[in-house]
Amino acid sequence: MFKNSIRTRLMALVLLASVIPSGISVTFSYLYTKQSVTEQSVKQNTKLLTLGEGNLRSYFSGMNQRAMSLYSGINVPSSFYTTLLTAKAPEDLPEGTAAPDTRAVISTQLYNLFLSDQNTFQIHLYVRASRQSNLLLGGLFRRESGKYVPSAVPGGTYRPFLEVTHMDHQYGMKSGFPNLKSGTVPVFTAHFPLYRAPSANVLADLSVDFRLDELEGIARSMYNSGTERLYVLNDQGQALYSSDPEWVGKQVTAGWSRLPQGSESGHFSWKKDGFAGIVMYRHIDAPLFKGSIIKLVPYGDLYADARIITRFTTGIGVLFLILGGIVAVVISIGFTRPIKKLIAFTQKVQIGQLDAHVEAESEDEFGLLTRKITGMTRTINDLIVKEYKLELANKTNQLKALQAQVNPHFLYNALQSIASLSLRYNAPKVYDLIYSLGSMMRYSMNTERTQVPLRDELEHVQNYVILQTERFGEENLRLDIETDEAILEVIVPKMILQPIVENIFKHGFADGIREALIRISCTLDKQGRLILAVKDNGKGIPEARLAEIAAGLAHSGGNEHEAIGLSNVLARLRLQMSGRAELQLHSEEGQGLTVTLLIPLES
């Protein structure tokens, strides 16, 4: 009782009037702020990544340019490049000839290269002809002979490239450096093959190890280290730089590292692999490094401002909810008193006291309702009397309609009597025609059967054409039916073929019937659909008119007879057989019309 009272409903209404606007306000505010923050963050981070990509490109280009300076003395005797060009293996020297001392030339060139970048940690040069390893570390130079295997080049072609971050090593040198222990400093290495210009033969392999200071400085300028994560990956997915030390120098296998192809930069949402947020990326194509910068911005950091605004608006909504509850209680109490009086009055009316009366105490809507109910009770008796009179008139009309009906069995029996009389007077043709007419009347007037076997529907069409043949002559009209015996028992809606055949006489042969042929084919296709095709050799339908009829069928419209008849057939097929039933029209002007019914046999 309490849950159905007006007081409860009124309170609920007032509360909803407070909650719904507040909820909508909070939702739209949050969604708008979220969208705005996302767009702003994407724009800012795109600028940061673009700037960072430019700085990295410039940084790597500087390394490449300094390495290319080693070719500067290509035609100068005793230059660094000439020294590499004339280097020979000890066994290739003439007997009794000592190898020239190139230590000073190589160490000087490596030292100059070492001083050109303050982040250079060490430089290693392997001369292939003399099989000499030259290492410059901390201003100290070492040379050894031995077999050095250059690092594998990504992609299989020998070209300059960056080896991702790793711990330093001394390239297999056996002689150590005082107070310099290897394997303690993280570095990344730029590998340069030095060619015998202009051929592709490699004279020496130059490897330069760089400290991470400048690389880390460029990377930190692109992200907030407190909440965001940044990765600089090569084409193989190895981390040259990572804000997460766990991935430095390793293959990053997280799903977000597989970036979309075909775009220089972009962003997408990600909620897997322990991360939920926006993934922003930009590709790098520098002389030494091809890869991408990936920045992860978590939703928690991205939507922090949106959550603050949501909490504030939610607090306002709760305040409105409390105020709405107080107002609802006060208003509902004022409504309760007149409602109780109306309930007592209606209870008297319910038990038959139609002369009951209640005084209106106010001039508001409740007072108006009270006066209306009082007036209603004075007219109930009149309404009851009128209802009895209407019921009596209705019964009388039903009786008259029943008397006006003609018994279909009487008509059919009468036709049978006439047919028998025609046989008595030796008129078999008249008997056949009367039999066909009677069969048609029995078939069409039987309202108890709405669905019949296909065999009965075809027989009804045959009876119809028999009557038309008598009218136009056997030489001018012929009906061919092609069907499989197996599908004659398929149940179909009644009267789906006869309206189509009737349209042929009204429109296909409107100018007269001469050598007319109507062909009906019934088949099953590979999809299990019943295909009923009715074809004639009449004048056909122009393409424009055919389009109008098809449009009328598509919109269940059409105000002409053939469109109404076809629409009725299609509607009954879809209602009684399958919603996927179709009716197709095909015609070439002057060559007849084909109406095809496609009926899925779903049951």
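D205 is buried, at 2% relative accessible area (buried means under 20%, exposed over 50%, partly exposed in between; 1.4 Å probe, protein chains only). This is a predicted model, in which local features need pLDDT of at least 70, side-chain atom pairs count only at pLDDT 80 or more, and totals for chains, interfaces and linings use all residues. Residues are numbered from 1 along each chain as its sequence is written, and side-chain values use heavy atoms, without hydrogens and water.

D205 forms a salt bridge with R128, with the closest N and O atoms 2.8 Å apart (a side-chain nitrogen of Lys or Arg within 4 Å of a carboxyl oxygen of Asp or Glu). D205 lies in strand β6 (residues 202-211) and R128 in the loop between β1 (120-127) and β2 (132-137), so the pair ties together parts 77 residues apart in sequence. Helices (H or I, at least four residues) and strands (E, at least two) are DSSP runs, numbered from the N terminus. R128 is partly exposed, at 33%.

## Other salt bridges

The count comes to 15 salt bridges. E53, R57, E264 and R282 are linked in a network of them. K506 pairs with E502, the closest N and O atoms being 3.0 Å apart. Both lie in helix α11 (residues 498-508), four residues apart, about one turn of the helix.

## Strands around β15

Strands β13 (residues 477-483) and β15 (residues 516-524) pair in the parallel sense over seven bridges (pairing needs at least two DSSP bridges between two strands). T483 stands opposite C522 in β15. R519 also forms a salt bridge with E482, with the closest N and O atoms 3.6 Å apart. R519 lies in β15 and E482 in β13, so this pair ties together parts 37 residues apart in sequence.

β15 runs antiparallel to β16 (residues 529-536), joined by seven bridges. In β16, L532 is the bridge partner of C522. The two strands form a hairpin with four residues between them. G528, in the turn, has a positive phi of about 75°.

## Nonpolar cores

The largest nonpolar core has 53 residues (buried Ala, Val, Leu, Ile, Met, Phe, Trp, Tyr and Cys joined through side-chain atoms within 4.5 Å). Helix α1 (residues 6-68) gives the most to this core, with seven residues. L56 is among those with the most contacts inside the core. Leaving aside neighbours within four places in sequence, L56 is in contact (heavy atoms within 4.5 Å) with L215, I218, M222, V232, I284 and I293. Apart from this core lies another, of 42 residues, among them A516, L530, L570 and L585.
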